[in-house]
Amino acid sequence: KTKIIVPTDIDIKSKWQRAQILSSHCDFDSYEAGRDHYRKTYSKYFEYTGISSDLNGISVLEIGCGHFPGVTYCCNSKGAIIVDPIDSVYIEKCTKDFDATIVHIREAAESAEFRNVDEIWIFNVLSHVEDPSKLIEKCKSFARIIRFFEPINIPKGESTLHSLNLDFFKTHFGDCVKHYP
C-alpha cells in the first residue's frame, strides 16, 4: 500500500526554520565581494521586471532581501521597507548609505506588518516561504504593483519548500507573467 503523507503546518514551519538557518550564511569573503556579486544579479532582475535604478520618488517594500537588499542599488526612493528574518551586518552597511529611510523588519513576511507602498519586490523568495499563495494575496492588498522574479520548477530541498511552476504565477498574476527560459 502507498501511504500518502500530507505536510502539516508544523512540518512547513519546521522546514522554514531550517531553511532560514541555511540561507543566513553568507559565502562572501568581504562586503565588497558580496555587493559586487549582487549588483550583477539585481541588474538582471531589474532589467526583466522593468525597474529603473532611479526610483523617482516611489516607496518600495522588498521581501526576502537577504544580505544585500536590491533597493539599495537604487536611488531617489521615497523610502523602503525590507522584510527578512536574518540579522546581517551587510544589511546595515548597505542601508546606511541609502538616500532614503529604510526600515528593516526582521521577521517572516507572512507575519510581518506591512503598510501601503507604491511597489512590492519579491526576488527569488517564494519557493522559500511558508505559504507562497497567502503571501502573494497579502502583497496585493498593500501595493498596486508587485514585481517578482522567481525560478520555476526547482526541486524541493532543504531550503526550497515549494516547487513553483508557470501556471502557479499565472493563477495569481494573470497574463502579465513573462517567462524567461
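Which polar side-chain atom lies 2.6 Å from the backbone oxygen of Pro 69? It belongs to Thr 72, whose side chain places a polar atom at that distance from the Pro 69 oxygen, within the limit for a polar contact (a pair of N or O atoms within 3.5 Å; within protein, one must be able to donate a hydrogen and the other to accept it, and residues adjacent in sequence count only if both atoms are side-chain atoms).

## The model and its overall build

This is a predicted model, in which local features need pLDDT of at least 70 and side-chain atom pairs count only at pLDDT 80 or more, while totals for chains, interfaces and linings use all residues. Residues are numbered from 1 along each chain as its sequence is written, and side-chain values use heavy atoms, with hydrogens and water left out.

The chain has five helices and five strands, where helices (H or I, at least four residues) and strands (E, at least two) are DSSP runs, numbered from the N terminus. Along the sequence, these elements follow the pattern α-α-β-β-α-β-β-α-β-α. Of the 181 residues, 45% count as buried, a word that means under 20% relative accessible area, with exposed meaning over 50% and partly exposed in between (1.4 Å probe, protein chains only). Among the contacts in the chain with a separation of 6 or more, 59% come from residues 24 or more positions apart, a contact being heavy atoms within 4.5 Å.

## Around Thr 72

Thr 72 is found in the loop between β1 and β2, and at 9% relative accessibility it counts as buried. Leaving aside residues up to four places away in sequence, Thr 72 touches Arg 35, Cys 94, Thr 95, Phe 98 and Ile 102.

One of these neighbours, Arg 35, also lies over the face of Tyr 73, at 3.8 Å from the ring centre. Here a charge sits over a ring if NZ of Lys or CZ of Arg is within 6 Å of the ring centre and within 35 degrees of the ring normal.

## Aromatic pairs

Rings of Phe, Tyr and Trp (its six-membered ring) pair if their centres lie within 6.5 Å, and planes under 30 degrees apart count as stacked, over 60 as edge-to-face and the rest as tilted. By this rule the count comes to 21 aromatic pairs. One of them joins Tyr 31 and Tyr 90 in a tilted arrangement, 5.9 Å centre to centre with 50° between the planes. This pair links distant parts of the chain, since Tyr 31 is in helix α2 (residues 31-49) and Tyr 90 is in helix α3 (residues 89-96), 59 residues apart.

Tyr 31 is buried, with a relative accessible area of 16%, and Tyr 90 is buried too, at 13% relative accessibility. Tyr 90 also pairs with Phe 68, and because their ring centres are 5.2 Å apart and their planes at 25°, this pair is stacked. Phe 68 lies in the loop between β1 (59-63) and β2 (79-83), 22 residues from Tyr 90, and the pair again links distant parts of the chain. Phe 68 is buried, with a relative accessible area of 1%.

In soluble globular proteins, nonpolar side chains tend to be buried together. A nonpolar core is a set of buried Ala, Val, Leu, Ile, Met, Phe, Trp, Tyr and Cys residues joined through side-chain atoms within 4.5 Å. The largest one here has 25 residues, of which Ile 63, Phe 114, Ile 120 and Ile 122 touch the most other members. At least two residues of this core come from each of β1, β2, β4 (119-123), α4 (132-140), β5 (145-149) and α5 (166-173). Apart from it lies another core, of 24 residues, among them Tyr 42, Phe 46, Ile 91 and Ile 102.

## Helix α5

The buried residues of α5 are Phe 168, Phe 169, His 172 and Phe 173. They cover an arc of only 105° around the axis, so they lie on the same side of α5, the arc being that of the directions from the helix axis to the C-beta atoms. These buried residues pack against α4 and β5, whereas the face of α5 turned away from its buried side carries the exposed residues Asp 167 and Thr 171.

Just after α5, Gly 174 takes a positive phi of about 75°. The charged end of Lys 140 sits over the ring of Phe 173, 5.5 Å from its centre.
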